[in-house]
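Here is a short tour of a protein for someone meeting its structure for the first time. Take a look at the sequence and the picture, then read on.

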Amino acid sequence: MDNGPLATEDGLRLGGDALEALQVLHDGYGLLHRDVKPSNILTGLEDGELRAKITDFGLSATLPGTETVLSTMLTAGTAQYMNLAALL
């Protein structure tokens with residue numbers, strides 16, 4: 001992997017990976033990421049192919065009407081890095 005432009009095939013695969021992950025979060029777990037940006041998409045080689053993973057769920061929220069383990073937990077996290085609203 002070099003620092004040059006991505007090949008079209010790699011770009012399409014990375015975009016597809018990110019979109020698939022977001023769909024699984026939304027449809028499978030009732031979660032909205034709410035902070036999708038390039039720095040929250042990690043890339044690396046997996047079985048010799050460039051792949052993408054979604055990270056940083058600090059601003060994620062559950063969809064209305066969705067109850068998950070995450071939505072029933074009390075506030076958790078490191079206070080210095082949490083959204084102020086989560087501490088209230």
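The report below goes from the overall layout to a few individual residues.

## The big picture

Keep in mind that this is a predicted model. The mean pLDDT of the protein is 80, and 72% of its residues reach 70 or more. Which elements sit at the two ends of the confidence scale? Strand β2 has the highest mean pLDDT of the elements, at 94, while helix α2 (residues 69-72) has the lowest, at 50.

The protein has 3 helices and 4 strands. Of the contacts with a separation of 6 or more, 51% are between residues 24 or more positions apart.

## Inside and outside

How many of the 88 residues count as buried? That share is 18%. The exposed surface comes to about 6,700 Å², and carbon and sulfur atoms supply 57% of that area.

## A buried histidine and asparagine

Now zoom in on the loop between β1 (31-32) and β2, where you find asparagine 40. Histidine 33 is located in the loop between β1 and β2 too. Are these residues buried or exposed? Asparagine 40 counts as buried because its relative accessibility is 5%, under the 20% cut-off. Histidine 33 is buried as well, with a relative accessible area of 5%.

Both side chains make polar contacts with the backbone. The side chain of histidine 33 has a polar atom 3.1 Å from the backbone nitrogen of aspartate 35, and this side chain also reaches the backbone oxygen of aspartate 56 at 2.9 Å. The side chain of asparagine 40, for its part, has a polar atom 2.7 Å from the backbone oxygen of aspartate 35. So aspartate 35 meets histidine 33 through its backbone nitrogen and asparagine 40 through its backbone oxygen, and aspartate 35 counts as buried at 17% relative accessibility.

What else is around them? Leaving out residues up to four places away in sequence, asparagine 40 touches His33, Asp35, Lys53, Ile54, Thr55 and Asp56. With neighbours within four places set aside, histidine 33 is in contact with residues including Leu22, Asn40, Phe57, Leu59 and Ser60.

Most residues other than glycine have a negative phi. Which way does aspartate 47 go, positive or negative? Its phi is positive, about 55 degrees, although it is not a glycine. You can find aspartate 47 in the loop between β2 (41-46) and β3 (49-54). Aspartate 47 is exposed, with a relative accessible area of 80%.

Aspartate 56, the residue whose backbone oxygen is reached by histidine 33, also has a positive phi, in this case about 60 degrees. Aspartate 56 belongs to the loop between β3 and β4 (61-62). At a relative accessible area of 39%, aspartate 56 is partly exposed.

## Charged pairs

Side chains of opposite charge can pair when their charged atoms come close. How many salt bridges turn up in the whole structure? A search finds 7.

One of them joins arginine 13 and aspartate 10, with the closest N and O atoms 2.9 Å apart. Why are these two about one helical turn from each other? Because they are 3 residues apart in helix α1 (residues 8-29). Arginine 13 is buried at 16% relative accessible area, whereas aspartate 10 is partly exposed at 22%.

Aspartate 35 comes back here: its side chain meets that of lysine 37 in a salt bridge, at 3.7 Å from N to O. Lysine 37 counts as partly exposed, with 36% relative accessibility. Another salt bridge links lysine 53 and glutamate 46, whose closest N and O atoms are 3.1 Å apart. Lysine 53 is partly exposed at 45%, and glutamate 46 is partly exposed at 37%. Finally, salt bridges that share partners join Glu9, Asp10, Arg13, Asp17, Glu49 and Arg51 into one network.

Conventions
Residues are numbered from 1 along each chain as its sequence is written. Side-chain values use heavy atoms; hydrogens and water are left out. Buried means under 20% relative accessible area, exposed over 50%, partly exposed in between (1.4 Å probe, protein chains only). A polar contact is a pair of N or O atoms within 3.5 Å; within protein, one must be able to donate a hydrogen and the other to accept it, and residues adjacent in sequence count only if both atoms are side-chain atoms. Contact means heavy atoms within 4.5 Å. pLDDT is the predictor's confidence in each residue, from 0 to 100. Accessible areas come from the Shrake-Rupley method with a 1.4 Å probe; for residues, only the protein chains shown count as cover. A salt bridge is a side-chain nitrogen of Lys or Arg within 4 Å of a carboxyl oxygen of Asp or Glu.
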